[in-house]
Amino acid sequence: MTRRTALAATAELAAWWAAFGLLWLVLVSTVDALEVLVGASAAAVGAVAARAGRRAVTAR
Amino acid sequence: MNAWILAATILLGAGLTAALWGVASGPLSRRMVAQNLTTAVACPSLLLLAQGYHRPSYVDLALLLALLGPVGTLVFARLLADELAVATPAAWGLTWTAAGVSAAVVVAVCAATGPSRAMVKLLVTGVLLIGGNLVASRALQGGFRQVRGG
């Protein structure tokens, strides 16, 4: 992995993470510190899965 | 009984009756279309009921249905691909009518909710509902035949 692809991967993960994090904050009933923490963690897992899924589809 | 619950009752009563009749009679293509449109009837009804009863948690059910309904149709479309290739169901009129009803319900409920996080959630539900409906209808009509092997 070159420096350029690593940067692209990081940017993609960050974009997925931000999108999923926002979605979480929209869907929960009350926004508090615990929800933000849990949402950020879940969004991080989701970002890794989303990138893996995206690569599996586009690499065909 | 208020206008929201009345609208939900009419939509559920008329829509689900028509859908039940559709899935229980006629050729396979018609049954598939009716099965697909069941989501487009039940999901807006849940949104109307959530507003009518002041129970925001009903929106979660609508969100889940909007997500899982089209997925169910895609499974049917995949498993019955050979039968559907012979008699392709074409129901763009019904599909766009359902999309229009869904959009109208989402806009009405959004207007009643006012700008807030709850409204964004309703819009997410609406996008999933209408987008999923269109994708599932296209899949039933063989629009994604090139991905059958994948």
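Student: Hi! How many helices and strands does chain B have?
Tutor: Chain B has 6 helices and 0 strands. Keep in mind that this is a predicted model.

Student: Okay, and what pattern does chain B follow along the sequence?
Tutor: Going along the sequence, the pattern of chain B reads α-α-α-α-α-α.

Student: What box do its C-alpha atoms fill?
Tutor: Along the principal axes, the C-alpha atoms of chain B fill a box of roughly 45 × 30 × 20 Å.

Student: And what share of chain B is buried?
Tutor: Of the 150 residues in chain B, 36% are buried.

Student: Which contacts in chain B come from residues 24 or more positions apart?
Tutor: Among the contacts in chain B with a separation of 6 or more, 74% are between residues 24 or more positions apart.

Student: Switching over, how many helices and strands are in chain A?
Tutor: Chain A has 2 helices and 0 strands.

Student: Is chain A compact or spread out?
Tutor: Chain A is more spread out than a compact globule, because its radius of gyration is 13 Å, well over the 10 Å that the globule rule gives for 60 residues.

Student: What about the box for chain A?
Tutor: Taken along the principal axes, that box is roughly 40 × 25 × 15 Å for the C-alpha atoms of chain A.

Student: Last one: what percentage of chain A is buried?
Tutor: In chain A, buried residues make up 8% of the 60 residues.

Terms used. Residues numbered from 1 in each chain as written. Chains lettered and ligands numbered in written order. Predicted model: local features only at pLDDT ≥ 70, side-chain atom pairs only at ≥ 80, totals over all residues. Helix = DSSP H or I, 4+ residues; strand = E, 2+ residues; numbered from the N terminus. Rg over C-alpha atoms; globule rule 2.2 N^0.38 Å. Buried ≥ 20, exposed ≤ 12 C-beta atoms within 10 Å, placed from the backbone. Contact = placed C-beta atoms within 7 Å.
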